[in-house]
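Here are my notes on the model, as numbered points. Please read them alongside the coordinates.

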Amino acid sequence: MLMDKNVRKENRILEKTLDSLEVRRQAPLYVFILLLILYVVTSLTISMVAGSDKVMILGSVHIPLYTLAGVFSALSNLCIIFMVIFCGKTGFVASVIVMTLQIPMIMVGIFVRGNYTSLPGVFVDILTIIAVVVIFYNKRKLEKYQLRLREQATTDTLTGLPNGFAGTELFDELIRHNKPFAAVHIDVNDFKSINDTMGFSIGNKVLIAIASRFKEIADKGLSGTVDFISRINGDEFSLIIRGYRSDEDIVNTIKQYEAALTENIKIDGYDFFVNASFGYAVFPDDAADRDTLISCSVAAMKEIKRLGSSKHILRFFSELKAEDHLVMDNKVREAVEKDSVFFNLQPQYDISHRLRGFEVLARMKDSDGTAVSPVEFIPAAERLGLIDVLDLEVYKKAAAFFGDLIKRTGTEAMLSINVSVKHMMKSDFLDEIIKLLENSGIPAWQLEIEITESILIESAEKASGILNKLKDMGIKIAIDDFGTGYSSLSYLNSFPSDTLKIDKSFIDKMNSGVSSQKYVEAIISLAHVMDLKTVAEGVETADQLETLRGIGCDYIQGFIWGHPLPGEEAEQLVAAGMMVTVGDMNRSSAKGKV
Ligand code: C2E
Ligand code: CA
Ligand code: CA
């Protein structure tokens with residue numbers, strides 16, 4: 001109830017701000033009343049002075065009072081014209097009525113009392129009425145034109161949403177009145193690839209569909225807060241949130257906009273699975289002026305995009321303080337310098353719980369021994385241009401361990417390593433991998449390289465050149481985090497991949513609705529048609545496992561069967577003889593040359 005009242009109050013502010021963007025302005029009622037009174041007073045004065053034969057003495061000048069009638073008449077006409085100009089339709093109607101009413105009164109004076117001096121007054125009245133009508137209708141035309149201009153200036157023609165200009169006007173208005181609000185910068189992930197591959201016309205339709213989903217939430221007040229959504233340009237939107245009680249309300253509102261994209265968008269027989277990155281900053285806590293606020297929300301959006309995690313919402317400052325960056329950057333520099341980054345191995349199993357192999361996950365510890373998440377230190381290493389050094393340190397340690405394990409146990413398990421695109425694009429990447437295999441003694445078919453889907457699409461040409469060379473060497477290629485990006489299986493077909501890792505976010509949703517399950521099922525069957533094996537990431541529950549088994553998923557990686565482990569513990573899994581024939585299958589499709 002309280003929220004309803006707040007929402008209504010806040011809505012009025014939004015409406016008022018948009019109204020203030022209109023060029024058309026109408027004077028308040030009291031101006032109209034004042035002009036009307038002034039008109040009545042001057043008109044009465046005219047009739048009093050017109051018939052008077054008195055003389056007014058100003059110093060040595062004698063002025064007959066009747067000569068002042070002209071001055072008062074001009075004044076009363078001025079009141080009429082001002083009423084039409086400043087008081088809109090009310091002023092127009094009132095002025096026509098009073099002017100028309102005057103005519104019979106003057107006529108009575110002329111024909112009954114024989115006062116022919118009032119005759120010019122009739123003409124003045126008629127001319128004034130004509131002038132008033134002309135002014136009013138011209139003004140109406142101008143206003144309609146201005147209204148159209150205003151709409152054009154504040155509306156995005158493609159989606160019909162308010163445009164960036166309207167958004168920044170609202171920013172300014174709220175800041176001027178010191179009203180707290182959250183500024184959310186929204187960027188659709190991998191939208192470029194839709195445009196590139198499907199063309200602008202379909203791209204535009206996707207944008208219109210996204211905008212209409214956003215608009216529905218904002219217009220119907222579905223989020224419980226007061227939202228103003230606008231399209232800035234391209235695939236970027238801005239959301240202003242008001243009327244929240246806590247930070248949690250802000251996040252919940254953003255989550256509604258995020259969820260609005262969950263269902264696939266159907267355009268011309270194609271299915272598009274889009275998601276977006278949401279960066280936000282709060283006025284006045286995070287920034288006190290419009291430009292800083294916008295850059296903060298954009299910075300947060302870019303950061304969450306770069307993290308490439310399944311989380312798509314990030315607030316500036318609380319999670320992204322510049323000092324935090326600095327602290328993290330120093331930690332990464334120090335760790336890389338001291339070569340103290342180490343690795344864990346997370347087991348992957350086939351659906352019958354036979355070991356398939358391990359994913360190498362980088363690990364780092366603070367000086368006080370607390371673990372730092374790769375979700376934080378990998379982006380920092382990328383930012384610092386140290387990702388290739390860091391990756392290589394991890395690969396060398398993991399490969400040395402694993403090569404030794406192969407020698408000692410003859411295991412045929414796979415070793416999967418994560419590659420950052422910035423690292424992969426370096427000219428000596430292939431040489432590094434060749435050396436890694438030579439020094440560790442790991443056969444090429446036992447090494448798998450994981451690359452995220454979105455990265456592949458962003459740098460398609462160069463990436464496919466490098467991947468083809470890796471594939472020729474016999475190395476396996478896995479597409480990581482599948483489903484978070486453009487999700488086009490046919491597009492991925494042009495890359496020489498062997499494995500598709502279905503992102504945890506899809507596994508999480510899988511048992512929440514038939515359509516999500518059908519989606520995962522479709523990915524798996526299409527992957528099989530394309531001769532790709534599928535790995536479900538982040539499997540945590542027995543339900544998920546059962547569903548995946550039912551829909552033919554090949555491999556499972558998740559806490560249900562194994563957390564990331566130190567090398568020695570991973571070795572025990574190998575030694576426990578859980579690993580059976582999966583390696584044979586890996587080897588059969590290998591064309592190892594190294
Ligand atoms: P990723 O490649 O998608 O790795 C899987 C992440 O999911 C790992 O997080 C893993 O611990 C987590 N995970 C696996 N199963 C489950 C589960 O059942 N439940 C939950 N909640 N999580 C699960 P981690 O280790 O924090 O790694 C995060 C990301 O950091 C990785 O995501 C990868 O993109 C990046 N990364 C990790 N190691 C490296 C590396 O050596 N080099 C590069 N370039 N990136 C790395
Ligand atoms: Ca991975
Ligand atoms: Ca992944």
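1. Helix 5 first. The buried residues of helix 5 are Val122, Asp125, Thr128, Ile129, Val132, Phe136, Lys139, Glu143, Arg150 and Thr154. Buried means under 20% relative accessible area, exposed means over 50%, and partly exposed falls in between (1.4 Å probe, protein chains only). Helix 5 covers residues 119–154, 36 residues in total. Helices (H or I, at least four residues) and strands (E, at least two) are DSSP runs, numbered from the N terminus.

2. Ground rules. This is a predicted model, in which local features need pLDDT of at least 70 and side-chain atom pairs count only at pLDDT 80 or more, while totals for chains, interfaces and linings use all residues. Residues are numbered from 1 along each chain as its sequence is written, chains are lettered from A and ligands numbered from 1 in the order written, and side-chain values use heavy atoms, with hydrogens and water left out.

3. Six of the seven residues of strand 5 (residues 236–242) are buried. Strand 3 (residues 181–188) runs antiparallel to strand 5, joined by six bridges. In that pairing His185 stands opposite Ser238. Strand 4 (residues 226–233) is also antiparallel to strand 5, with seven bridges. Here Asn233 faces Glu236. Strands count as paired if DSSP finds at least two bridges between them. Strands 4 and 5 form a hairpin with two residues between them, and Gly234 in the turn has a positive phi of about 45°.

4. Nonpolar cores. A nonpolar core is a set of buried Ala, Val, Leu, Ile, Met, Phe, Trp, Tyr and Cys residues joined through side-chain atoms within 4.5 Å. The largest has 82 residues, and Leu470 and Leu548 touch the most other members. Helix 13 (residues 387–409) supplies the largest share, 11 residues. A second, separate core has 35 residues, including Phe191 and Phe278.

5. Contact means heavy atoms within 4.5 Å. Beyond four places in sequence, Leu548 is in contact with residues including Ile351, Met510, Val539 and Ile556. Thr534 sits in strand 17 (residues 533–537). Its relative accessible area is 0%, so Thr534 is buried. Among the residues that Thr534 touches, leaving out those up to four places away, are Leu500, His528, Cys553 and Tyr555.

6. Calcium ion (ligand 2). Which residues coordinate the calcium ion (ligand 2)? They are Glu359 (OE), Asn418 (OD1), Glu450 (OE) and Asp480 (OD), at 2.1 to 2.3 Å. Donors are N, O and S atoms within 2.8 Å of the metal (3.2 Å for Na, K and Ca); water is not among the atoms, so sites may look incomplete. The donor spacing is E-x58-N-x31-E-x29-D. Glu359 is in strand 11 (residues 355–365) and Asn418 in strand 13 (residues 414–418), 59 residues apart. Glu359 is buried at 4%, whereas Asn418 is partly exposed at 24%.

7. Calcium ion (ligand 3). Asp480 bridges the calcium ion (ligand 3) and the calcium ion (ligand 2), which lie 3.9 Å apart. Asp480 is in strand 15 (residues 476–482) and Glu537 in strand 17, so the pair ties together parts 57 residues apart in sequence. Asp480 is buried at 6%, and Glu537 is buried at 11%.

Technical notes:
The expected span of a helix is 1.5 Å times one less than its number of residues.
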